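Reader: I have a model open on my screen and would like to talk through how its pieces pack. Could you take me through it, starting from whichever element you like?

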Amino acid sequence: MSLITGFDEHNPPDPSLLSDCVHCGFCLTTCPTYVLWGEEMDSPRGRIHLMKNVTEGAPLDDTVVGHIDACLGCMACVTACPSGVQYDRLLEQTRAQVERKAHRSRSNNALRGAVFKLFPYPKRLKALRGPLRAGQRLGLDRAIAKSVLLERISPSLAMLQSLTPELTKPERLPERIPAKGTKRATVAMLTGCVQDAFFSGVNAATARVLAAEGCDVVVPPNQGCCGALSSHSGREPEAQNFARALIDTFEQHDVDYIVVNSAGCGSAMKEYEFLLADDTTHEADERVKRFRAKVRDVSELLADLGPVATYHPLPITVAYHDACHLGHAQGIRNQPRELLRAVPELTVKEIKDASICCGSAGIYNVLNPEPAKQLGDAKAANVIATGAQLLVTANPGCIMQIALGVERAGGRIGTAHIVTVLDHSQRGLPTDGLLK
């Protein structure tokens, strides 16, 4: 890599935000990479030190880029920081600089290019379902998993293969699902990219649960990516284009709320005012603010509305995992637990070291498979230790990552999105369907 001195003038890390860090160290025990390696420059305060150095003219070299790329962006440090350091802002500003200025290896660029030509495009992901499902039926996925060949060729591709969930027939949603009983709200639902392609049952359950709780549910057709993966990876122009297109799509519908069932997507959508800060016209600014004001995580909205549907007993013990972009980034922790504890005969267990990321972190486990595996294994061990029959969370990446860790540990546990559990209870379905 040729040496590049300093950041460019487009949104460099804000010096006033950098100066908020007093290097107290409260973030250290919550940072996954510091916990793994004990390396100061792989802690939040260490990365802030690197950002400050480059702001003052130090080179943006391989070492700096490596430490920035190693960050999961889990935001546990934001929760832990007593000084209110906005590490989330600083990280996205820095990653955008890295994306524009740094020169990664050809293989790294090829992998990143392939990921971003696929993951943010729901139609492209859906096109993969057929071949992947055929491979699963023929047992090719199991044969590949047993072989070490793919791991030797590319750990990232091996990780992608192992993360692929068991694919079943997709559940299609109509454009409108009417509320049951008295209508309490009209909501538009984000169907997402990975969620729509590989977890369509979660979207169907979300729509049923919302309808049962008195919501007219609108599913805008032809909706695209929210831009979360691009934004969190520093691909600023790409993320902005996705965000603008999504706002264009959703504002065509007169709704009270925009509901999201994927933690990473909801976190990104609640940050559109920051992402689209370059749109300086009053009209653009007002559109973004109106959109942002309506965004709710599904558990957040359900808790605010309060239950009116009937919930049948589910005699099952669940371990609830806080997805980082729900707990740390959005501050939504109590609501999912309240919803689960309201289900008759359901017991909620807490997971040790709950604030530590599972290693999924969007596409982190694909770009950084080895540390992601270590974090996934640690999280899986803590999940297994709860003795729960079912792991419940609010993000598709977490579900796949932890399930894989449990499998590597030789354990067995069901996995489910929180709305899938609520849907089972509302419909009076047996617990067997959750434990597969």
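Author: Let us start with helix H25 (residues 418-427), whose buried residues are covered by elements that include H13, H19, helix H21 (334-341), strand E7 (346-349), E8 and E9. Helices (H or I, at least four residues) and strands (E, at least two) are DSSP runs, numbered from the N terminus. This is a predicted model, in which local features need pLDDT of at least 70 and side-chain atom pairs count only at pLDDT 80 or more, while totals for chains, interfaces and linings use all residues. Residues are numbered from 1 along each chain as its sequence is written, and side-chain values use heavy atoms, with hydrogens and water left out.

Reader: How many residues of H25 are buried?

Author: In H25, 9 of the 10 residues are buried, so the helix is largely enclosed by the rest of the structure. Buried means under 20% relative accessible area, exposed means over 50%, and partly exposed lies in between, with a 1.4 Å probe and protein chains only. The buried residues are Ile418, Val419, Thr420, Val421, Leu422, Asp423, His424, Ser425 and Gln426.

Reader: And what follows H25?

Author: Gly428 follows H25, and its phi is positive, near 65°.

Reader: Back to the cover, then. At what angle do H21 and H25 pack?

Author: The angle between H21 and H25 is about 20°, and their axes are 10 Å apart. Axes are lines fitted to C-alpha atoms, for helices over the stretch in contact, and angles run from 0 to 180 degrees between N-to-C directions. The two helices H21 and H25 are therefore roughly parallel to each other, where angles under 35 degrees count as roughly parallel, over 145 as roughly antiparallel, 65 to 115 as roughly perpendicular and the rest as oblique.

Reader: Which residues make the contact?

Author: Pro336, Leu339 and Leu340 of H21 make the contact with Ile418, Val421 and Leu422 of H25, contact meaning heavy atoms within 4.5 Å. By class, the contact of H21 with H25 has 6 nonpolar, no polar and no charged residues. Here Ala, Val, Leu, Ile, Met, Phe, Trp, Tyr, Cys and Pro count as nonpolar, Asp, Glu, Lys and Arg as charged, and the others, Gly among them, as polar.

Reader: H13 and H19 were in that cover too, so how do their axes cross?

Author: Helix H13 (residues 200-212) and helix H19 (residues 298-305) have axes that come within 11 Å and cross at roughly 15°. H13 and H19 are therefore roughly parallel to each other. Thr206, Val209 and Leu210 in H13 meet Val298, Leu301 and Leu302 in H19. The contact of H13 with H19 divides into 5 nonpolar, 1 polar and no charged residues.

Reader: Now the strands. What is the order in the sheet?

Author: The order is E7-E6-E8-E9, in an open sheet of 4 strands with parallel pairing. E7 and E9 are the edge strands, each pairing on one side only, and the twist averages 35° from one strand to the next. H25 packs on this sheet, touching E7, E8 and E9, and its direction makes about 90° with that of E9.

Reader: How many bridges join the strands, starting with E6 and E7?

Author: E6 and E7 run parallel and are joined by 4 bridges, with Val348 in E7 as the bridge partner of Val318. Two strands pair if DSSP finds at least two bridges between them. Strand E6 (residues 316-320) is joined to E8 by 3 bridges, and Tyr320 has Val392 in E8 as its bridge partner. E8 pairs with strand E9 (residues 414-417) in the parallel sense over 4 bridges, where Leu391 stands opposite Thr415 in E9.

Reader: Which way do the residues of E8 point?

Author: From strand E8 (residues 390-393), Leu390 and Val392 point one way and Leu391 and Thr393 the other way, and all are buried. In a regular strand the side chains alternate between the two faces of the sheet.

Reader: Changing topic, is Gly327 buried or exposed?

Author: Gly327 counts as buried, at 2% relative accessibility, and its place is in helix H20 (residues 324-327). Leaving aside neighbours within four places in sequence, Gly327 is in contact with Ile332 and Arg333.

Reader: Last one: what is phi at Ala361?

Author: Phi of Ala361 is near 50°, a positive value in a residue other than glycine. Most residues other than glycine have a negative phi. Ala361 lies in the loop between E7 and helix H22 (364-367), and at 25% relative accessibility Ala361 counts as partly exposed.
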